[in-house]
Amino acid sequence: MCGELTSENIGQVVRLCGWVSSCRNHGGVIFINLRDREGVTQVLVNPSDDEQVYKLAKALRNEWVVSAAGTVRARPEGMRNPKMPTGDVEIVCENLAVLNRADPVPFEPDIPEKVSEETRLKYRYIDIRRSELTGALVMRHRITKCIRDYYDAEGFIEVETPFLTKSTPEGARDFLVPSRMQQGTFYALPQSPQLFKQLLMIGGMDKYMQIVRCFRDEDLRADRQPEFTQVDVEMSFVTCQDVIRVNEGAMRVVAKLCDVPFPETVKVLSYDHAMRDFGTDRPDLRFEMTLHDVTDLAKGSDFKVFASVADAKGLVKGLTAKGGAAFTRSQIDGLAEFCRELGAKGLAWAKVLDDGTLSGSLAKFFTADKCDALKAAMDAQPGDCMMFVADEPKTTNKVLAALRCKLGKDMGLCGRDLWAWCWVVDFPLLEWDQLEQRWSACHHPFTAPLDEDVHLLDSDPGKVRSKAYDLILNGTELGGGSVRIHDVSVQKKVFDTLKISEQESRAKFGFLLDALRFGAPPHGGIAFGLDRIVMIMLQRDSLRDVIAFPKTTSGGCPLTGAPAAVDDKQLAELDIRVIRPPAGLPMPPDDAG
RNA sequence: GGGGCUGUAGCUCAGUUGGUUAGAGUGCCGGUCUGUCACACCGGAGGCCGCGAGUUCGAGUCUCGUCAGCCCCGCCA
């Protein structure tokens, strides 16, 4: 193919098919850059050669689809192009055929100009001709294959599970599909094959994996698409450690394929540890800058903001930016604004001067000895800048975790060659849902509690830790999973705590409860986000850069125009009526108002 | 649901304090040119300034609304 020719091919007669990337007509000799999936090769047309070929070459335009045959030869001395992988050779064209013409394209695939994403998505087939996107899709294929091969070698069986399935409570909003044959009822597209893979374990499949599309109808982000691909895995007769070990191996082979370092042993942090030091359950360990709890110091301080928060069971935490004394006032104001946007009341800060004294918004509130205690607690040296947030624990942690990441990026601590992996374990099983005034599952309601914490389910549900684990790379969750409940009485107990009634659990997961009674092996598993794995390994900033046909932030596809209104006939067959059609469409004729 | 940024030629962008006929690069069309490599040079065409109101003698520019794209919060077990 075009990108594969080197000086080793000199003398060979080849035929290349591809797209005209550029055409340089010198009035006599014509150079054509021909592109295909693998790259670009220069084709040379001489006026002294075949008249037909020359006439055809003169008429070529960019993005026409052509077939060119000729002999590979070394370029003359001084005419080589070191910027091109194939720059040492060229094809002397002996035969040329236009396979298809092309209208002028909206943008040129080979020009390194930043084209708006909207345009790129609308003409995605042209965007895909760009080497960045072609390359990403090729790498995605290789990563996927490498993962399949790994699990195959480990004895896993790939089993397909249904896309048309049943809506489950808890978790994300479902995408619904109306049933025509049973009008008024709906399938749900799976948020993940969670229950099916557990049923496969109960069915004795022992080791299951599937690379599978999942669907969640929630608002999107750069790292979140409404449909995404999971590497879904489940294993029987295993502990957390077994699952972690086997699946870590999968990431190890992927990392190797992508030339990404992978440690001999991956760090393991408890959830509590991660929250304490980093304020988040997916810490970015590429740099230090840990958070420090100074609530106790704040209690006794003259700084009312701190003291009142500390007294009201709030959390006062801070981080120390090494060398941060060099920050300008406007830089710090910018950081404070950043924190306010995330919900903080403000950002208190103090620079440590060369003589050890403090300067900044809270310097005057700390006497010399308290100042020393603060510096010690914050591990701050002269030349550093300490920054603090005081708020409810959740807000304090959220804001400081975000601030830490921002500082890490701004201060250049997240080098492109830094790769920090870790497992986060011992998550809480449940969290209190303020809105609904009940406990809800942190992971999902089938996650097993730690054996030694089961007794806390009645007395102190918030204290119960779970057999759940997440794999984190550079502050992004690549995947997570858990050992599941395989005992029907424990499962019922968890449902009780979640205030899922006997009746509701029977209606929603009766089939699982039944299955748990008919010989369920202990089992557990994990699911990795394939799109995220590819995105991070290829160092792209958006999932859209590793998906062939992604959706926009509002869930649309500029290429196909999806989602779109459907014919009245289609709706009638489903016994569905649209109450409020989108702007630009007529109201249904039979609408009574 | 909330906050922020953006929207001007096919594409990427500039457009001053509100002031005559809205510019540039690139692409496109025509021409010249035998070693370029995003060829070069000469000429030409190309605009619903996202859309809708408002302020004004006058709006690409100011105000309000709306739509779309992107980033973030909420949400995403």
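**Confidence**

The model is a predicted one, and chain A averages a pLDDT of 93, with 98% of the residues scoring at least 70. I then turned to residues 585-593, where the pLDDT is below 50. Leaving aside near neighbours in sequence, I noted nine contacts for this stretch in the model. For the model I wrote down an ipTM of 0.94 and a pTM of 0.94.

**Surroundings of RNA strand B**

Next I asked how many residues surround RNA strand B. The count is 52, and the closest are A441, C442, H443, H444 and T553. I sorted this surface by class and got 17 nonpolar, 17 polar and 18 charged residues.

Which strand gives the most to the surface near RNA strand B? I found that strand 1 does, with three residues. I placed strand 1 at residues 13-25. Strand 2 (30-36), strand 3 (39-45) and helix 2 (117-122) are also among the elements that each supply at least two residues to this surface.

I also checked the RNA side. Of the atoms of RNA strand B within 4 Å of the protein, 54% belong to sugar or phosphate, and the rest belong to bases.

**Individual atom pairs**

For the bases, I took G27, which has a backbone N or O atom 3.4 Å from a base nitrogen of RNA strand B. For the phosphates, I took R61, whose side chain has an N or O atom 3.4 Å from a phosphate oxygen of RNA strand B. For the sugars, I returned to C442, one of the closest residues. A backbone N or O atom of C442 lies 2.2 Å from a sugar or linking oxygen of RNA strand B.

I then traced an open sheet of five strands, which runs in the order 12-13-16-14-15 with antiparallel pairing. Why is one side of strand 12 (291-293) and of strand 15 (358-359) left without a neighbour in the sheet? Both stand at the edges and have a single partner strand each, so one side of each stays without a neighbour.

For strand 15, I looked at its pairing with strand 14 (residues 348-352), which is antiparallel over two bridges. Here V352 stands opposite L358 in strand 15.

Methods: Residues are numbered from 1 along each chain as its sequence is written. Chains are lettered from A and ligands numbered from 1 in the order in which they are written. This is a predicted model: local features need pLDDT of at least 70, side-chain atom pairs count only at pLDDT 80 or more; totals for chains, interfaces and linings use all residues. Side-chain values use heavy atoms; hydrogens and water are left out. A residue is near a molecule or strand if one of its heavy atoms lies within 4 Å of it. A polar contact is a pair of N or O atoms within 3.5 Å; within protein, one must be able to donate a hydrogen and the other to accept it, and residues adjacent in sequence count only if both atoms are side-chain atoms. Helices (H or I, at least four residues) and strands (E, at least two) are DSSP runs, numbered from the N terminus. Ala, Val, Leu, Ile, Met, Phe, Trp, Tyr, Cys and Pro count as nonpolar, Asp, Glu, Lys and Arg as charged, and the others, Gly among them, as polar. Two strands pair if DSSP finds at least two bridges between them. pLDDT is the predictor's confidence in each residue, from 0 to 100. Contact means heavy atoms within 4.5 Å.
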